[in-house]
Amino acid sequence: MGQAYMDWAAFPVTETEILQPESEGVKVHFFDLRYAYPDRARGLLGAFVVLDPKLHVVEQSMGKRSEGP
């Protein structure tokens with residue numbers, strides 16, 4: 001999903017979140033600046049991928065609803 005999102009986005013941005021404990025891996029958020037508004041949470045066109053410590057994808061989804069409230 002990450003590669004497809006980066007190919008699609010005109011102005012891609014990623015943010016990396018280290019999961020606690022660190023042995024859980026990282027969560028990488030993807031969004032396109034065309035759809036990032038300062039007064040709103042991440043939009044429905046964002047995505048994320050969770051990677052384990054060996055960088056294997058363990059979870060991925062697209063859209064705000066998949067990440068909870």
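Modeller: What follows looks at one strand, then at its partners and at a few residues around them. The model is predicted, so local features need pLDDT of at least 70 and side-chain atom pairs count only at pLDDT 80 or more, while totals for chains, interfaces and linings use all residues. Residues are numbered from 1 along each chain as its sequence is written, and side-chain values use heavy atoms, with hydrogens and water left out.

A strand here is a DSSP run of E, at least two residues long, numbered from the N terminus. Buried means under 20% relative accessible area, exposed over 50%, and partly exposed in between (1.4 Å probe, protein chains only). The cover lies on both faces of β3: Ala 47, Val 49 and Leu 51 are buried on one side, and Phe 48 and Val 50 are buried on the other.

Next come the strands beside it. Two strands pair if DSSP finds at least two bridges between them. Strand β2, residues 26-32, runs antiparallel to β3, and five bridges join them. Within this pairing, Val 28 stands opposite Val 49, and Lys 27 has Val 50 as its bridge partner in β3. Strand β4, residues 57-62, is also joined to β3 by five bridges, again antiparallel. There Ala 47 stands opposite Met 62. The hairpin of β3 and β4 has five residues between the strands, and Leu 55 takes a positive phi near 65 degrees in it.

Strand β2 has a further partner, because it also pairs with strand β1, residues 12-18, in the antiparallel sense over seven bridges. Glu 17 of that pairing stands opposite Lys 27. Six of the seven residues of β2 are buried, so this strand too is largely enclosed by the rest of the structure.

What makes up the largest nonpolar core? Its eight residues are Tyr 5, Ala 9, Val 28, Phe 30, Phe 31, Ala 47, Val 49 and Leu 51. The elements that give two or more residues to this core are β2 and β3. A nonpolar core is a set of buried Ala, Val, Leu, Ile, Met, Phe, Trp, Tyr and Cys residues joined through side-chain atoms within 4.5 Å.

Leaving aside neighbours within four places in sequence, Val 28 is in contact (heavy atoms within 4.5 Å) with Thr 14, Glu 15, Thr 16, Ala 47, Phe 48, Val 49 and Leu 51. Phe 31 lies in β2 and counts as buried because its relative accessibility is 16%. The C-alpha atoms of Phe 31 and Leu 44 are separated by 9.5 Å, with the two residues 13 apart along the chain.

Arg 34 forms it with Asp 32, and their closest N and O atoms are 2.8 Å apart. Asp 32 counts as buried at 1% relative accessibility, whereas Arg 34 is partly exposed, with a relative accessible area of 35%. In the loop between β2 and β3 lies Tyr 37, which at 42% relative accessibility counts as partly exposed.

Note on methods
Helix = DSSP H or I, 4+ residues; strand = E, 2+ residues; numbered from the N terminus. Salt bridge = Lys/Arg side-chain N within 4 Å of Asp/Glu carboxyl O.
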